[in-house]
Amino acid sequence: MSRNGIRSTASSFREKFKFPDYLNSNFRKWYPGHMAKGLRAARAMINHCDCVIEVHDARIPNIGRNPNFFEFVAQKPHLLMLNKVDLVDKRIFKEYRSKLKDFGKTIFDSNCKENKDRNVKKIVPTILELIKQGEILTDSDNEDRLGSYRILVCGIPNTGKSSFINSLRRLNLRRGTATPVGKLPGVTRSLMNKILIHQDPKIYIYDTPGVIPPHIEDLEMAMKLSIVGCFPDRQIGEDVVADYLLYTLNKQKKYRYVQYFGLPGPSDDFDTLSMYIARKTGFWDGNKPNYLNTSLHFLRQFRDGNLGTVFLNQIS
């Protein structure tokens, strides 16, 4: 038995995850000021943009969008970029992809860590065609707007928006990083100045802070957002996020962690898993695992793709 009273035999694997009581209030309160400010700035910018590119995580393609924001982008040509396809269960994703028409007319898959991503190369021709089809070109600005375009890039936190912008810049201008990138949510905290990503015609992109719904009532949705890194782990509790990840991997029969950490078999007990992680990493606290460090290490290996692929949306 673990400290939580959970057996590590497959026959006793959890059918449901028991959420700590405090999560209800934590999720409902977590809406940082930079998100609200960024949302207001992005709304104001919409009227001055010609196209919207939404970057979302391919593992959660229909989870986490902020309806208060996306009602404003409906008036503009809209391209959905499903990023991090290298981390998604492609078999299930392919089955689900046809259900995503409500996201916009045009959908691309991408892996912005890959500099030669073929779909990233298609972005500029696609957005120019979308703008042409929509016959939308803002004329409220001064003369330097003529012959140039403005693109608003938006999405939930930690989906790779900044990596996507940098990929476009490298591809079209052969230039380096223009916007900071990080593995934690909240790196982009304000609407940035315009970033040139194409010379002829001139195309400027505006990066925005990741925005989530201000009130999340569904804890399953909130935890799925958590394990892919949309919330700071400390907001939920690193050990809770790690335990939910273990629960999720077992539910999907994704057992790569067994070999990766040297377990004798799948386990539904994070205490047991922590012992093996500590043996591999040296994260001990006396003769016990350091649960903070083992939790963070488990999450990091998953987010880096070392524990296999998943798909977190339900398929109905």
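Guide: Buried means under 20% relative accessible area, exposed over 50%, partly exposed in between (1.4 Å probe, protein chains only). This is a predicted model, in which local features need pLDDT of at least 70, side-chain atom pairs count only at pLDDT 80 or more, and totals for chains, interfaces and linings use all residues. Residues are numbered from 1 along each chain as its sequence is written, and side-chain values use heavy atoms, without hydrogens and water.

Visitor: Why is R303 called buried?

Guide: R303 has 18% relative accessibility, so R303 counts as buried. D233 has 11%, so D233 is buried too.

Visitor: What makes R303 and D233 a salt bridge?

Guide: A salt bridge needs a side-chain nitrogen of Lys or Arg within 4 Å of a carboxyl oxygen of Asp or Glu. For R303 and D233, the closest N and O atoms are 2.8 Å apart, so the pair qualifies. R303 lies in helix 13 (residues 291-303) and D233 in helix 9 (residues 233-236), 70 residues apart. Helices here are DSSP runs (H or I, at least four residues), numbered from the N terminus.

Visitor: How do you know that E15 and K251 form a salt bridge?

Guide: Their closest N and O atoms are 3.8 Å apart, so the pair meets the cut-off. E15 sits in the segment before helix 1, K251 in helix 10, 236 residues apart.

Visitor: Why is E15 called exposed, and K251 partly exposed?

Guide: E15 has a relative accessible area of 63%, so E15 is exposed. K251 has 41%, so K251 is partly exposed.

Visitor: Which residues are linked in a network of salt bridges?

Guide: R14, D243 and D268 are. R14 and D243 meet at 3.0 Å, N to O. R14 is buried because its relative accessible area is 15%. D243 is buried because its value is 12%. The structure holds 7 salt bridges.

Note on methods: Helices (H or I, at least four residues) and strands (E, at least two) are DSSP runs, numbered from the N terminus.
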